[in-house]
Amino acid sequence: IEINPQYADAYYNRGLAKDQLGDYQGAIADYSKAIAINPQYAGAYHGRGLAKDQLGDYQGAIADYGKTVSIDSQDYKAYSNRGISKRRSGDYQGAIADYNQAIALNPQGVDAYFNRAIAKQGSKDYQGAIADYNKAIAINPQDAPAYFLRGTAKQLIGDYQGAIDDYNK
């Protein structure tokens with residue numbers, strides 16, 4: 001940056017490092033600088049969205065993920081992460097729509113099934129949540145949180161033995 005202050009990748013990578021250190025405000029500043037240099041830098045919007053989400057700025061994160069997918073419509077992680085921010089802001093249906101898109105782009109993306117299940121559970125669609133936890137577990141049978149949360153969903157619908165089996169697993 002000292003040698004070439006217009007080197008967007010340097011700001012982006014410094015933003016990543018700051019993000020790893022938990023300096024989300026510093027990361028946002030660096031991602032913003034990378035975006036100012038290159039307004040089509042999808043990764044910088046994505047990184048800034050992640051940092052904003054960490055700070056609880058869900059609407060800002062949603063906007064940045066939206067910009068990411070407008071630049072790169074195949075970025076399934078951006079859809080999945082936007083779904084997380086939407087879910088955290090209480091927009092379960094919007095989150096489910098984003099997870100649907102992420103799954104369409106990457107049918108083996110366990111995180112999208114897992115997070116869609118959480119959103120369905122939040123909207124009280126317990127059967128839908130269980131179906132998504134089943135898919136997540138089929139992809140990754142060692143995913144302990146998926147068994148735990150599936151057990152919770154089963155408990156909420158009165159399937160106590162199924163819940164116990166999942167908790168035991």
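Figure 1. Arg48 is buried, with a relative accessible area of 14% (buried means under 20% relative accessible area, exposed over 50%, and partly exposed in between, with a 1.4 Å probe and protein chains only). The residue is found in helix H3, residues 42-54 (helices are DSSP runs of H or I with at least four residues, numbered from the N terminus). The side chains of Arg48 and Ser32 are joined by a polar contact of 3.0 Å (a pair of N or O atoms within 3.5 Å; within protein, one must be able to donate a hydrogen and the other to accept it, and residues adjacent in sequence count only if both atoms are side-chain atoms). Not counting residues up to four places away in sequence, Arg48 touches Ile28, Tyr31, Ser32, Ile35 and Asp64 (contact means heavy atoms within 4.5 Å). The model is predicted: local features need pLDDT of at least 70, side-chain atom pairs count only at pLDDT 80 or more, and totals for chains, interfaces and linings use all residues. Residues are numbered from 1 along each chain as its sequence is written, and side-chain values use heavy atoms, with hydrogens and water left out.

**Figure 2. Gln74 in the loop between helices H4 and H5.** Helix H4 comprises residues 58-71 and helix H5 residues 76-88. Gln74 is exposed, with a relative accessible area of 54%. Gln74 and Gln59 are 15 residues apart in sequence and 22 Å apart in space, C-alpha to C-alpha.

**Figure 3. Helix H8 and its packing.** Helix H8, residues 126-139, has 14 residues. Its buried residues are Tyr126, Gly128, Ala129, Ile130, Asp132, Tyr133, Ala136 and Ile137. These buried residues pack against helix H7 (110-122) and helix H9 (144-156).

**Figure 4. The largest nonpolar core.** This core has 17 residues, and those with the most contacts inside it are Phe114 and Tyr133 (a nonpolar core is a set of buried Ala, Val, Leu, Ile, Met, Phe, Trp, Tyr and Cys residues joined through side-chain atoms within 4.5 Å). Two or more residues each come from H5, helix H6 (92-105), H7, H8 and H9. H8 gives the largest share of this core, five residues. Apart from this core lies another, of twelve residues, among them Tyr12, Tyr31, Ile35 and Ala51.

Figure 5. In helix H10, residues 160-168, the buried residues are Gly162, Ala163 and Asp166. They lie on the same side of H10 because they cover an arc of only 100 degrees around the axis (the arc is that of the directions from the helix axis to the C-beta atoms). The buried residues of H10 pack against H9. The face turned away from the buried side carries the exposed residues Tyr160, Gln161 and Asn168.

Note on methods:
The expected span of a helix is 1.5 Å times one less than its number of residues.
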